[in-house]
Amino acid sequence: MRAVLRTQHAKMLLRVYVDSTEDFSAWVRGQQQPSNYDAKEAAGRRVFESTACLTVTQLLGQNGTGRFGSDLTHLMSRRTIAAGAAENTPENLRLWIQNPDAIKTGSLMPAMKLSDTELDALVRYLETLR
């Protein structure tokens with residue numbers, strides 16, 4: 001397990017952005033706001049709230065306790081998922097939830113055992129997190 005962790009840490013993408021003080025301050029204020037999810041995607045939100053998603057990840061404005069995984073509040077404002085292992089597209093997001101090892105072998109993200117209907121609803125909900 002330790003060797004896998006080291007390998008996967010080596011595959012983490014780090015991006016550095018250089019902004020003016022004003023632009024950076026605006027970005028910070030935006031990141032501190034809850035995401036504006038689409039209420040039409042309530043079914044996906046229910047899947048998020050009733051699975052490990054809420055206990056592992058963080059989402060501003062949710063009652064979850066997640067501290068291990070990523071903060072998903074503005075998930076769709078990111079270019080990549082899985083620490084840079086894949087472009088942030090609905091198809092890759094679906095695959096990442098369904099079978100994380102297909103994107104990043106040895107990741108600690110658990111494969112969610114969701115039906116196709118639940119998975120589709122969850123992905124549609126996550127796509128609204130901007």
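Q: What does "partly exposed" stand for here?
A: A residue is buried under 20% relative accessible area and exposed over 50%, and partly exposed describes the range in between. The model in question is a predicted one.

Q: How does A83 come out, then: buried, exposed or partly exposed?
A: A83 has a relative accessible area of 30%, so it is partly exposed.

Q: Where is A83 placed?
A: A83 sits in the loop between β1 and β2. Its phi is near 55°, which is a positive value in a residue other than glycine.

Q: And A82, buried or exposed?
A: A82 counts as buried because its relative accessibility is 10%. A82 also belongs to the loop between β1 (80-81) and β2 (86-87), and its phi, near 60°, is positive although the residue is not glycine.

Q: Turning to the helices, at what angle do α5 and α6 pack?
A: Helix α5 (residues 90-98) and helix α6 (residues 116-127) pack at about 125°, with 10 Å between their axes. The two helices are therefore oblique to each other.

Q: Which hand does the crossing have?
A: The crossing of α5 past α6 is right-handed.

Q: What about N99, where is that?
A: N99 lies in the loop between α5 and α6. With 36% relative accessibility, N99 counts as partly exposed. The C-alpha atoms of N99 and M112 are 7.5 Å apart, with the two residues 13 apart in sequence.

Q: Last topic: which residues make the nonpolar surface patch?
A: L14, V16 and V18 make the patch, with an area of about 400 Å². V18 is in the loop between α1 (2-10) and α2 (21-31), and V18 counts as exposed because its relative accessibility is 78%.

Methods: Residues are numbered from 1 along each chain as its sequence is written. This is a predicted model: local features need pLDDT of at least 70, side-chain atom pairs count only at pLDDT 80 or more; totals for chains, interfaces and linings use all residues. Side-chain values use heavy atoms; hydrogens and water are left out. Patches are made of residues with over 30% relative accessible area and no salt bridge: like charges are joined within 9 Å, nonpolar side chains (Val, Leu, Ile, Met, Phe, Trp, Tyr) within 5 Å. Accessible areas come from the Shrake-Rupley method with a 1.4 Å probe; for residues, only the protein chains shown count as cover. A salt bridge is a side-chain nitrogen of Lys or Arg within 4 Å of a carboxyl oxygen of Asp or Glu. Helices (H or I, at least four residues) and strands (E, at least two) are DSSP runs, numbered from the N terminus. Buried means under 20% relative accessible area, exposed over 50%, partly exposed in between (1.4 Å probe, protein chains only). Axes are lines fitted to C-alpha atoms, for helices over the stretch in contact, and angles run from 0 to 180 degrees between N-to-C directions. Angles under 35 degrees count as roughly parallel, over 145 as roughly antiparallel, 65 to 115 as roughly perpendicular and the rest as oblique. A crossing is left-handed if the near helix is turned anticlockwise from the far one by less than a right angle, and right-handed if clockwise.
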